[in-house]
Amino acid sequence: MNRLGIFYAMRAFLIFTLFIVACLLAAAALFYPAWLGVSAVAEIPPHKLLTRLAKVVAAIGLVLLLRRMQLLNRRSLGYGLEKSRFLAAVARGWAAGTAIMLVPFAVLILLGARELDTSTLTLTLVSATAAKALLAGLAVGFVEETFFRGAIYAGIRRDGGLWTAIILSSVIYAALHFIRTQPFDPSEPLGWTSGFPLLVTAFHKFGSPAIWDSFVALMAAGAFLALLRAWTGNIALAIGVHAGWVMMIKLGKRVTDPVPDSGYGFLSGTYDQVIGWLAAAWLAVLITWLARRAMAADAARKTGVPSRG
């Protein structure tokens, strides 16, 4: 990749980064008038309102941004496959994602870092939890893959190299997982500028070195999902894998508990006590297996060879 390509790839990365920052600042500015309107008809914690407001602003702004960047089309966003093939690939991805996430849970249980909660192992509870987790996983998979491996990946890949797009999109993906607003002090009065100090609390985790295990694991997860797009030419498989991961994490955390005094607890991560060094190592193995295939498919696609279904 030449210097001009690197410049345009970094420009796309910067555009998306600044877009996220702008959405957060806009949400903070709109927070108080939104609070006045919402609190009159419903009860919602201020920090949750700010989070939801930021998502609404981002959803509206993203359509305008993608149109401006000429990325608002099915091919760029990774939806180029015909509908039946796309859904079939999502289903295959879900099966693969479920199997992939079973591995760290099984290893953590075998090492004594997590233990089964026998009180939750009933058919009714497990079935209900799995159903809800599957729906949540599909929602997360479609939304996040459209944004990260769809828009961001395509914007960077258009002018940059494959690994530039994989790494930079994964940095944004991992970082956004740690932006979490904290509960507002009820003794403090709300006013027109309250959204800004509330927004500052969303970045409190970045000051702690304890997040690095989960940050690395999430980077690896993002890279694996981006490689799936490079391999297949679309995001269907990535959506399914992501949905399987989310479902298994929610289900696994419901039927197992962390063991506080385990000597292997450091493997499970600080983000959700699942995604840590063990998951990062397992994903590194999968990335090694997938990378050559994805690179070959990506190169072949540039010569007109059809993508995989």
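**Exercise 1. Find which residues L24 touches beyond its sequence neighbours, and decide whether L24 is buried or exposed.**

Solution. 
- Contact means heavy atoms within 4.5 Å.
- Leave out residues up to four places away in sequence; L24 then touches A54, I179, L199 and F203.
- Now place L24: this residue lies in helix α1 (residues 3–39). Helices are DSSP runs (H or I, at least four residues), numbered from the N terminus.
- L24 has a relative accessible area of 16% and is buried. Buried means under 20% relative accessible area, exposed over 50%, partly exposed in between (1.4 Å probe, protein chains only).
- The C-alpha atoms of L24 and G137 are separated by 24 Å, and these residues are 113 apart along the chain.

A note on the source: this is a predicted model, where local features need pLDDT of at least 70, side-chain atom pairs count only at pLDDT 80 or more, and totals for chains, interfaces and linings use all residues. Residues are numbered from 1 along each chain as its sequence is written, and side-chain values use heavy atoms, with hydrogens and water left out.

**Exercise 2. Describe how α5 and α8 pack.**

Solution. 
- Helix α5 spans residues 123–157 and helix α8 spans residues 212–232.
- Their axes are 11 Å apart, at an angle of about 65°. Axes are lines fitted to C-alpha atoms over the stretch in contact, and angles run from 0 to 180 degrees between N-to-C directions.
- The two helices are therefore roughly perpendicular (65 to 115 degrees; under 35 is roughly parallel, over 145 roughly antiparallel, the rest oblique).
- On the α5 side, the contact is made by E145, R149, G150, Y153 and A154. On the α8 side, G222, L225, A226, R229 and A230 make it.

**Exercise 3. Characterise the pair formed by F148 and Y173.**

Solution. 
- Rings of Phe, Tyr and Trp (its six-membered ring) pair if their centres lie within 6.5 Å; planes under 30 degrees apart are stacked, over 60 edge-to-face, the rest tilted.
- The count comes to 12 aromatic pairs.
- F148 and Y173 form one that is edge-to-face, 5.1 Å centre to centre, with 80° between the planes.
- F148 lies in α5 and Y173 in α6 (residues 162–176), so the pair ties together parts 25 residues apart in sequence.
- Both residues are buried.
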